[in-house]
Structures are given as structure tokens and as C-alpha cells.
Amino acid sequence: MKQIPSYVQDRWITGQGPARALVDPTTEEVIAEASTGGIDFAACVEHARTRGLPALQDMDFAARGALLENVAQALHAHRDELLELSTRSGGNTRGDAKFDVDGAIGTLAHYARLGKEFGPVRHLVDGEGVQTGRSPRAWGEHIHTPRRGVAVHVNAFNFPAWGLFEKAAVAWLAGMPVVAKPATSTCILAQRMVEIVVEQNLLPPGALALLCGSAGDLLDHLGGQDVIAFTGSSKTGALLRAHPCVVERGARINVEADSLNAAVLDPAVEEDSETFDAFVREVVRDMTQKAGQKCTAIRRILVPRERLSAVREALREELARQPVGDPRRKGVKVGPLATADQLRDVRAGVERLAAAAKAVVGDGGRGDLVGEVGERGFFMAPVLFEAQDPRTPAVHADEVFGPVATLLPTSGEPAEISELVALGEGSLVSSIYSDRADFVREVALGIAPYNGRVYVGSAKTAGKSLGPGAVLPQLLHGGPGRAGAGEELGGPRGLAFYMQRTALQGYKPLLEKTIGTAPRV
Ligand code: NAP
């Protein structure tokens with residue numbers, strides 16, 4: 001049986017003791033095992049701190065950007081192999097695998113360009129300076145310098161590639177070494193990607209560690225200059241937030257957690273219009289891409305009452321065109337869920353929703369599967385619910401992390417729509433499908449406090465956009481409340497998490513010489 005090693009202190013180490021099995025979710029074959037048993041987490045963090053940190057901080061933004069570019073190119077050169085591994089280990093169709101792997105490479109490339117743009121400097125200036133008294137003798141600036149610590153990244157099972165590198169790209173560019181802990185169930189892809197980077201010797205010693213298995217006592221070794229970026233369930237997020245390294249020693253933490261994202265249809269959007277078609281297509285894409293295991297997937301579909309039957313029928317037809325089955329088979333659009341636990345959780349979620357709403361497509365079963373999968377595999381065909389009362393609590397409270405969404409009838413009034421979106425208690429992204437500026441303005445400003453991102457779909461973007469589900473490195477990712485109250489990416493904004501913002505106060509000409517030509521962000 002293949003043992004997935006961890007990369008610690010610049011060496012591959014296979015953990016001892018009981019290991020977790022990694023399973024191909026299509027065939028249920030055990031493909032590997034992983035354990036971090038016996039790994040010295042204190043030494044791992046210390047090595048990153050004493051070797052990786054000084055090496056990265058000696059480099060300027062341009063040099064770190066070049067490093068990211070090299071990593072992006074190395075991964076790109078192995079793209080086909082990585083896509084195949086993503087299918088085998090995560091049940092991803094080729095399209096789903098590209099979403100994860102290309103997302104990783106694209107984010108690295110984006111931050112590589114940013115490093116090049118920033119050039120040969122080691123700090124950044126935040127916004128414009130400000131006069132604090134009667135003359136320029138009293139002047140203030142804000143600067144960002146890299147934190148003198150280690151970035152610990154704990155990731156969810158659904159994006160082993162993107163999750164690792166979207167976080168590492170930003171941390172490395174800022175100048176911090178990374179200790180990455182992918183979710184164990186799908187860590188084989190992350191491990192192979194790190195292996196490619198290590199084989200080519202692209203990083204300074206200590207700049208990256210990878211832990212394949214439990215996080216053990218990793219967090220016990222963190223302090224006030226360290227950061228934790230977590231993606232996963234709110235339950236685990238709450239555990240990490242309460243850890244003494246955060247509460248007592250002041251390690252900085254960012255949490256990306258559950259989210260009940262909404263899509264809103266403007267009552268003025270005509271059936272058979274480009275905007276209507278885009279709405280239907282993007283709802284279906286979010287329900288089916290990665291079998292709905294996407295933190296940004298649309299879960300609540302807010303539709304004006306008079307359009308409800310047209311939307312229901314259009315979704316029914318479009319969902320029927322998304323074959324479920326063996327993700328290796330061409331034409332299959334929905335693969336299995338990633339793990340047996342995931343299938344069990346989603347089935348339980350479907351049962352809870354079934355008690356509160358009516359299933360109008362699917363029933364939580366496997367559906368007609370394409371390919372020779374027999375009884376094996378963690379499959380579920382898409383399930384579309386419809387709730388009579390748009391305030392039905394279960395619909396706004398329960399993130400069912402699979403190919404599942406619920407139609408909710410609305411009056412189409414922006415005030416009611418904003419109130420319904422807010423019932424999700426904080427989402428990563430909500431989308432508005434409309435061509436009317438007034439409607440978009442009222443709804444966007446009404447729902448913005450409850451969302452990290454608001455996506456506007458219209459006739460002008462139809463067919464030209466990746467939809468609300470795609471996280472772009474240029475824009476913020478994260479959301480308030482239930483979504484974790486975190487923020488990542490957003491171009492240069494993402495760097496702030498890994499840097500200390502400090503106010504500089506004094507005589508303007510002296511401060512100007514201090515900050516030099518560093519870019520203002
Ligand atoms: P999870 O069970 O919370 O696990 C997430 C990560 O935390 C895994 O690496 C897990 O390791 C680790 N972990 C678990 N207990 C830990 C502990 N006590 N100390 C340190 N690490 C610990 O979540 P998941 O099932 O992988 O992911 C599904 C959830 O993630 C969904 O709710 C989804 O909405 C959310 N998600 C959010 C985003 C976002 O960007 N907001 C993106 C993707 C997913 P093991 O695997 O070894 O247990």
C-alpha cells in the first residue's frame with residue numbers, strides 16, 4: 001500500500017502508527033494511506049522559522065514573484081498527470097479537476113505578476129500619507145512589513161490543489177514560510193504537487209512543509225508572529241479560533257467556513273432572454289460542478305413567484321442534461337462525492353431538507369449512472385428542492401455540501417430579497433441576475449453586508465464569465481458570519497494578512513526617505 005509521506009525539515013518522512021485510508025471515490029478502492037504519527041511538529045515549525053523565514057525575507061518582492069512563477073510553470077508542466085490524479089483521488093471529472101489544478105496554477109501566476117510589479121522592495125505602503133498637525137512636521141504613513149513567523153495553512157478536502165497554492169502563493173509573496181496541512185482524505189494530489197516543486201528545487205530550504213495526516217500538536221508551537229489560515233467546516237474553525245495560540249499568544253487566524261450562497265433573479269428578466277438562460281446555466285453549473293462540493297456553490301435560488309414554474313422547468317431540463325457517473329468517462333458532468341463520510345453527511349442533509357421542502361428533481365439516490373460502476377462509488381444525482389415559504393429555517397441554516405439547492409419564491413421586492421439573503425447569516429458570494437441598474441443597486445447594497453462578494457450576471461456577461469462559483473485571485477474571497485468572517489486573495493489585499501501594518505509618525509521628508517519607492521497598495 002502506498003504510504004503518503006509528509007515533507008518536514010526538507011525531508012520526506014512517512015508517519016508511524018495508525019494511518020487513514022485514502023479511497024478512490026468512484027471505485028471505493030483504497031489507493032493509499034497517510035499518517036503524521038511520530039512527526040515532530042515543534043521541529044517542523046522551528047525549521048520553517050529558522051531556515052525558511054530568513055531566506056524568504058532576504059528576497060525582495062520581485063525575487064519572490066520569480067519563485068512563484070517557477071512553481072506555476074513546474075506544476076503546469078505536469079498538468080495532465082495532476083488532472084488524472086485529481087480524478088482518481090477526488091472523483092473529479094476532467095472539468096472539475098481543471099477547476100482545482102488550473103486554479104492553483106493561475107493564482108500562483110497572478111501573484112507572480114504582482115511580485116514583478118512591486119519590484120525590488122521588501123515592504124509596502126498602505127494608502128496615502130496624512131498630515132496630523134498644522135504642518136508637514138506632523139505627518140503619518142502606514143507601512144506593511146512581513147511578519148516574522150510561520151504561516152500554517154489548514155485546508156478542506158474539496159480543493160487539494162487550489163487550496164494549498166492559493167494560500168501559499170500569497171504567504172510566500174509576503175515573505176512567510178508555509179506549513180501546509182491538506183485534508184487527509186484527498187492529500188495525495190497536494191503531496192504530488194509538493195513533490196514536483198521539491199524535485200526541481202524551486203524553494204529555499206524551510207519555505208514549505210507539508211503534513212499529510214492529522215495536525216497533531218502543530219498549533220501548540222505557534223505564537224504572536226505566526227498566522228493560521230483555515231478552510232473547512234465552521235465546527236473545526238471554531239476549535240482553531242479557541243486555541244491558546246490564538247486566544248492567549250495572539251497568532252492571527254483567518255477562517256473560511258460554511259456558506260449558504262444565494263442567487264437572485266430580477267422579476268423583470270424575461271424567460272428565454274440571455275440573462276434568464278445565464279441564470280439557469282449558472283445555477284446548474286454550481287449544483288453539478290465538483291458534485292456541488294464547492295464552498296461558493298449556489299444553495300438558495302431566489303425566484304419571483306411569477307417565474308417559479310418557468311425556472312423549475314428550465315432547471316429540470318438542464319439538470320437532465322448533466323450525466324452522473326464515472327468521472328473518467330467523457331461526457332460525464334457529475335462525479336461521485338469525495339468520501340463515504342461526505343456521502344453520508346449529504347444524505348442526512350437531504351433528509352433534513354426533505355422534511356421542510358419538496359424535492360422537484362432527484363431524491364438523494366444515485367440516479368442513472370454512466371459507466372461500469374455497479375453498486376460502487378459515492379454517487380448522488382442532483383437534488384432540487386422547492387420550499388413554499390421562503391423563510392423556511394432549514395433552507396437558510398443547513399449547508400448541504402453536495403449537488404443540492406433549493407428554490408425559494410419571492411415577491412421580487414429588493415427589501416424582501418435582502419432580508420432573505422441575510423437569513424443565511426453570512427455568505428461567501430451571492431449573485432444577482434438582472435439588466436436593470438436600479439434593481440442591481442438596491443439588491444447589491446442591501447445584501448453586501450452579508451456577503452464577501454456580490455456577482456452580477458447580465459446579458460452583457462452571459463457566456464463570457466465563469467459565474468459566481470469561481471474564486472478569482474484579483475477579488476476578495478471570504479465572507480462574514482457563518483462564512484467564517486475571513487478574507488483571502490483580492491490581489492494585494494490578500495498580502496495584509498501575512499504582514500504587519502504599522503503607523504509611522506514624524507517629519508514628512510524623513511518619513512518619505514524611510515519608505516522610499518515602495519508601492520502604495
Ligand atoms: P473539516 O472537517 O473542518 O476539515 C478541514 C481541515 O481541518 C482538514 O484539513 C482537517 O484535517 C483539519 N482539521 C480537522 N480537525 C482539526 C483539528 N482539531 N486541528 C487542526 N486541524 C483539523 O472540513 P472539510 O470536511 O474538509 O471541508 C468541508 C467544509 O469546508 C464545508 O463546510 C465547506 O463549506 C468548507 N469550505 C469552505 C471554503 C471557503 O473558502 N470558505 C472552501 C472549501 C470548503 P483532516 O482531514 O486530517 O481531518
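User: Which residues are the closest to the ligand, and on what basis is the model read?

Analyst: In this predicted model, local features need pLDDT of at least 70, side-chain atom pairs count only at pLDDT 80 or more, and totals for chains, interfaces and linings use all residues. Residues are numbered from 1 along each chain as its sequence is written, and side-chain values use heavy atoms, with hydrogens and water left out. A residue is near a molecule if one of its heavy atoms lies within 4 Å of it. Here 27 residues surround the ligand, and the closest are Asn-155, Thr-184, Ser-233, Thr-236 and Asp-258.

User: How many nonpolar, polar and charged residues does the shell have?

Analyst: Ala, Val, Leu, Ile, Met, Phe, Trp, Tyr, Cys and Pro count as nonpolar, Asp, Glu, Lys and Arg as charged, and the others, Gly among them, as polar. The shell has 13 nonpolar, nine polar and five charged residues.

User: Which side chains have an N or O atom at 2.6 Å or 2.7 Å from a ligand oxygen?

Analyst: A polar contact is a pair of N or O atoms within 3.5 Å. An oxygen atom of the ligand lies 2.6 Å from an N or O atom in the side chain of Thr-236. For the side chain of Asp-258, the corresponding distance from a ligand oxygen is 2.7 Å.

Note on methods: Polar contact = N/O pair within 3.5 Å; in protein donor to acceptor, adjacent residues only side chain to side chain.
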